[in-house]
Amino acid sequence: MPIVSLKDVTKSYPSPSDKGQLIHAIDGVSLDIEAGEVFGIIGYSGAGKSTLVRLINALEPVTSGHVIVDGTDITTLAESELRKLRLEIGMIFQQFNLFNSKTVAKNIAYPLVVAGVGKAERKRRVAELLDFVGLADKGRSYPDQLSGGQKQRVGIARALASSPRILLADEATSALDPETTHEVLGLLDRVNRELGVTIVVITHEMDVIQSIATRVAVMEKGRIIEQGDVFDVFSQP
Ligand code: ADP
Ligand code: ADP
């Protein structure tokens, strides 16, 4: 059974310039992501990738269609149930989205505080996560004291804090140089293999998909124009 399934999903916004017009950001997308895989979503700017991420994470309602996460149709859930669902989905971002006024440890602990996890358990979990991402000595540092690659490692640790089954990586390496990108992709590969987390990699960069994903969907103008094994999709003339 797929862990994420989109069935004929559309998402329209009123046009900012002409309120009578609709922008079809997502236009009839169907997609199955299997538990345990690394799935890539690629497309140029404006293709609808970020919108798709927000629909999977239920940050926005669909206009029509269904989004099924771990067997539950999230398009019918109440806000209280959605909050529980979001604990199953971790997110990392291009600009890392860390709290610069909080230490690394507090950044990682934040989702646990929100989820009501007690202090002793938070401490244990933060130490474990710091260790996993190779930052065992950086718990008391502040984000500004870290390199871009280290900041994204903190982002990954924070995303993993609630032990999600799915990690959504939205242009997570786009702000990093090639060497750091390689290092962060290596960590994501470990998250997938060692923790069994399903990873969805959203990017405009083909080499990122090629180095980590097994299957890929190509988006253009709100539609999936092609999907399949990475090798097959990218080797076509
Ligand atoms: P991508 O992530 O691939 O760059 P987006 O999902 O951000 O693409 O955008 C897809 C389309 O939807 C674009 O035309 C964008 O302008 C439009 N769009 C996205 N979010 C909104 C919004 N909140 N209001 C109006 N239009 C939006
Ligand atoms: P506070 O200690 O103010 O309650 P939090 O509970 O929000 O702060 O902090 C996050 C967790 O990370 C705490 O349990 C804290 O003890 C733990 N922690 C703080 N510094 C480190 C560190 N250097 N290495 C590992 N864990 C740390």
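In which loop is Asn 97 found?

Tutor: Asn 97 is found in the loop between β6 (89-93) and α3 (104-114), where helices (H or I, at least four residues) and strands (E, at least two) are DSSP runs, numbered from the N terminus. This is a predicted model, in which local features need pLDDT of at least 70 and side-chain atom pairs count only at pLDDT 80 or more, while totals for chains, interfaces and linings use all residues. Residues are numbered from 1 along each chain as its sequence is written, chains are lettered from A and ligands numbered from 1 in the order in which they are written, and side-chain values use heavy atoms, with hydrogens and water left out.

Start with the backbone. Asn 97 has a positive phi, near 55°, in a residue other than glycine. Most residues other than glycine have a negative phi. Asn 97 counts as partly exposed because its relative accessibility is 41% (buried means under 20% relative accessible area, exposed over 50%, partly exposed in between, with a 1.4 Å probe and protein chains only). Glu 171 likewise is not a glycine and has a positive phi, of about 50°. Its place is in the loop between β7 (166-170) and α6, and because its relative accessible area is 12%, Glu 171 is buried.

Next, the strand before the loop. Ile 92, in the range given for β6, is among the residues with the most contacts inside the largest nonpolar core, which has 43 residues. A nonpolar core is a set of buried Ala, Val, Leu, Ile, Met, Phe, Trp, Tyr and Cys residues joined through side-chain atoms within 4.5 Å. Ile 108, Ile 156, Leu 167, Leu 188, Val 191 and Ile 199 are listed with Ile 92. Apart from neighbours within four places in sequence, Ile 92 is in contact with Gln 152, Gly 155, Ile 156, Ala 159, Leu 167, Leu 168, Ala 169, Asp 170, Ala 172 and Leu 188 (contact means heavy atoms within 4.5 Å). A second, separate core of 30 residues includes Ile 41, Ile 74, Ile 89 and Ile 166. In soluble globular proteins, nonpolar side chains tend to be buried together.

Now the helix after the loop. The buried residues of α3 are Val 104, Asn 107, Ile 108, Ala 109, Pro 111 and Leu 112, and they pack against α4 and α5. Gly 116 follows α3 and has a positive phi, near 80°.

Ser 141 is found between α4 (119-132) and α5 (148-160). Leaving out neighbours within four places in sequence, Ser 141 contacts Thr 103, Val 104 and Leu 146. Ser 141 counts as buried because its relative accessibility is 15%.

Among the residues around ligand 2 are Ala 105, Lys 106, Ala 109, Lys 119, Arg 122, Lys 123, Gly 139 and Arg 140, each with a heavy atom within 4 Å of the ligand. An N or O atom in the side chain of Lys 106 is 2.9 Å from an oxygen atom of ligand 2. For a polar side-chain atom of Lys 119 the distance to a ligand 2 oxygen is 2.7 Å, and for an N or O atom in the side chain of Arg 122 it is 2.9 Å. Taken alone, ligand 2 exposes 550 Å², and the protein buries 74% of that; accessible areas come from the Shrake-Rupley method with a 1.4 Å probe, and for residues only the protein chains shown count as cover.

For reference, take the other ligand. The shell around ligand 1 includes Tyr 13, Ala 25, Gly 46, Ala 47, Lys 49 and Thr 51. Its largest share, four residues, comes from helix α1 (residues 49-56). An oxygen atom of ligand 1 is 2.6 Å from a polar backbone atom of Gly 46, a backbone N or O atom of Ala 47 lies 3.1 Å from a ligand oxygen, and a polar side-chain atom of Thr 51 lies 2.6 Å from one. Ligand 1 taken alone exposes 560 Å², of which the protein buries 65%.

How values were computed
Polar contact = N/O pair within 3.5 Å; in protein donor to acceptor, adjacent residues only side chain to side chain.
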